[in-house]
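These are my notebook entries on one structure. I set down what I looked up and what I found.

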Amino acid sequence: MTLSQEVPPLPNDPVDPASPRGEPVEDFGHWVAARGGALQRFAYLVTGNAHDAPDLVQDALAHALPRWKQLAAAGTAEAYVRRSIVNGSISRWRKGRRLVAVEDVESVAPREPTEDETARLEDADAAWQLVQSLPPTQRAAVVLRFYEDLAFAQIALILDCPETTARSHVHRALGRLRQQLAEGASRD
Amino acid sequence: MTDPHDDPTRPEPDRGVPDPASDRAEAALRDAFARRANAFEPRELLVPTRVRRRRPWLPAAAAVVLLAGLGVVVGVTTQGGGGQGSDSAGSAASSSVRGRSGADSLAAGSAEAQGAAPTSGPAAAPGMRWASRYDVEVQVPSSWVDAAPPTRPDCIRKPGDSWDDAPRTPYVASDVRFRSVPAIGCAPVRTAPAVFGDLPFALWQPSLSFTQGGPAADLVADGTWTYRGWTLMRWSVPGTSADHPVQVSLLTGPGQHALAQRIRSSARTFSIDANGCRATSPVQAADIVRPSAATSATRLTPTSVSVCQYARGGDGPGLLGSRLLTGSQMGALLRGIAEAPSGSGPNAPSHCDASVPGDTAIELRYHRGGEEPATAYVYYDACVGNGIYDADSTVRLTAADCRPLFARLPITLWSYDVVLRGVCRP
């Protein structure tokens with residue numbers, strides 16, 4: 001699959017809000033400044049590594065820069081950069097740099113959680129642990145679905161795979177998590 | 001019974017809206033991502049800065065001065081037009097030297113210095129030429145060209161890739177402080193110790209560069225380092241100003257130890273370099289100034305003209321590069337000046353920021369025998385005040401009078417207002 005307009009553009013593709021026709025923003029610097037934080041968060045969730053995330057994004061931007069005009073004009077910049085981030089995470093993973101996340105950037109809870117909150121936190125921790133164990137592409141699919149709220153067609157565009165594959169990545173992960181949560185509940 | 005969530009072909013629910021059944025696993029994933037993402041602190045990215053400098057508004061009064069003495073200059077042009085300079089007045093120098101011929105390389109160096117340029121030092125040894133920056137000059141082989149160092153060596157992965165603009169011959173590095181550089185993050189492919197920089201080893205060339213220290217720019221440590229037969233020497237040149245010390249970096253390849261020592265031992269300070277340029281010039285001032293000489297330079301009949309480029313706004317030695325024009329090169333320049341309309345321009349006042357001066361300026365020094373050279377100043381990288389100023393006249397920049405100035409490195413034009421596109425550079 002190529003990056004094209006087969007699916008709706010991603011929500012953050014560089015479109016000039018001042019343009020009556022929604023023309024693409026051609027200023028790469030402005031776009032990076034606007035999207036850098038979100039892209040790093042995406043990279044962090046995909047890699048689980050807070051140190052690798054900015055580097056992955058900057059590598060992806062380096063790849064996008066020479067093609068920026070075309071990407072901005074086609075409305076595929078966001079997809080391209082995200083795909084580069086995912087590809088970068090796969091490369092690092094394949095090179096044996098697969099790191100078990102030992103860091104936890106989460107801040108300390110300011111107060112004692114309620115019983116409901118405790119249950120949700122436990123579920124979220126289980127979900128995070130599961131995501132860390134997934135291969136990079138599947139992990140990216142799950143992040144794109146449940147963090148970025150993207151449609152499967154858009155996930156497929158970014159991951160350069162058929163839509164059914166993107167859907168399969170997500171639902172297999174969901175199935176595993178549901179099973180783990182159910183097993184945890186039965187143990188309780 | 002099949003769980004509908006596991007059916008990859010099931011219709012997709014509305015994008016971004018969680019299943020109303022509130023699948024616990026989905027909620028857990030959303031919670032996990034949201035909490036981690038919120039706690040993650042993004043790092044400041046180095047974003048590209050495609051600099052389009054805003055130029056200062058300068059007093060309009062400076063722009064309206066009549067050009068005098070056209071007839072005399074035309075006479076000079078005729079006399080100089082049959083000279084043997086090899087430069088084409090209309091050709092612009094490239095910031096890279098890929099593909100530059102050996103003849104060009106020679107022309108870029110000492111071959112231009114055929115005219116009589118008063119200098120404060122000795123002539124270069126046979127086969128060598130002087131390369132000067134600030135108030136330091138060093139002899140390098142005549143075959144070493146002037147070239148811009150790679151823009152982002154840390155982004156070059158391999159020779160020939162999209163970032164690769166590294167010179168392919170030994171070179172003297174131009175001062176590139178005013179060059180626009182994409183400020184994007186790259187992970188360098190580095191095999192040598194960090195002191196050798198980020199350029200991939202396959203692209204190394206013998207090279208010489210100058211660095212000026214000062215209140216806002218500390219110099220790195222002097223020393224000598226080797227890697228796979230290559231030697232990097234970095235030394236501070238004695239005699240330079242304590243406020244503005246100059247450090248020279250020399251990279252030489254295997255078997256060039258004697259050459260390296262020869263280059264190093266030739267380093268000296270100067271007041272006037274081999275091309276007849278002063279280390280410091282009034283044209284460095286942030287404000288536009290006019291030469292105070294009693295005689296207008298453009299009325300004279302020179303035997304050679306020094307083209308001396310300076311960084312503006314500093315008080316130390318600011319020479320960024322120099323050339324000496326003789327023969328046809330000088331003739332083309334003088335003819336262009338003689339035929340230029342009087343007054344300042346091209347200007348675009350609407351592009352201006354009045355508080356920001358231009359980055360660089362040029363002093364032209366007209367040599368005539370043993371007399372003190374007459375000077376003219378050239379301003380070209382602003383949106384107002386552009387032109388060639390002598391003691392009592394100003395002429396506009398045109399392709400004919402401006403391009404000869406920038407025909408070759410190390411004199412270069414890194415930034416200019418859009419109104420000068422097609423004027424000083426093609």
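Which residues is Leu56(A) in contact with, leaving aside its neighbours within four places in sequence? I found Ala43(A), Thr47(A), Ile85(A), Gly88(A) and Ser89(A), where two residues are in contact if their C-beta atoms, placed from the backbone, lie within 7 Å.

I noted that this is a predicted model, in which local features need pLDDT of at least 70 and side-chain atom pairs count only at pLDDT 80 or more, while totals for chains, interfaces and linings use all residues. Residues are numbered from 1 along each chain as its sequence is written, and chains are lettered from A and ligands numbered from 1 in the order in which they are written.

**Entry on Leu56(A).** I located Leu56(A) in helix α2 (residues 52-64) of chain A; helices (H or I, at least four residues) and strands (E, at least two) are DSSP runs, numbered from the N terminus. Leu56(A) counts as buried because it has 26 C-beta neighbours inside 10 Å. The cut-offs are 20 or more other C-beta atoms within 10 Å for buried, 12 or fewer for exposed, and partly exposed in between, with C-beta atoms placed from the backbone. I also looked up Val86(A), which is 30 residues from Leu56(A) in sequence and 8.6 Å from it in space, C-alpha to C-alpha.

**Entry on chain B.** I counted six helices and 15 strands in chain B. Of its 426 residues, 46% are buried.

**Entry on the largest core.** A nonpolar core is a set of buried Ala, Val, Leu, Ile, Met, Phe, Trp, Tyr and Cys residues joined through C-beta atoms within 7 Å. The largest has 76 residues, of which Leu208(B), Val378(B), Tyr380(B) and Cys424(B) touch the most other members. Helix α5 (residues 327-339) of chain B gives the most to this core, namely six residues. The core lies between domain 1 (87-117 + 273-420) and domain 2 (133-177 + 191-269) of chain B, because both give residues to it; the domain bounds come from an automatic or database domain assignment.

**Entry on helix α1 of chain B.** I listed Ala25(B), Glu26(B), Ala28(B), Leu29(B), Ala32(B), Phe33(B) and Arg36(B) as buried in α1(B). They cover an arc of only 160° around the axis, so they are on the same side of α1(B); the arc is that of the directions from the helix axis to the C-beta atoms.

**Entry on the two chains.** I found 35 residues of chain B in contact with 47 residues of chain A.
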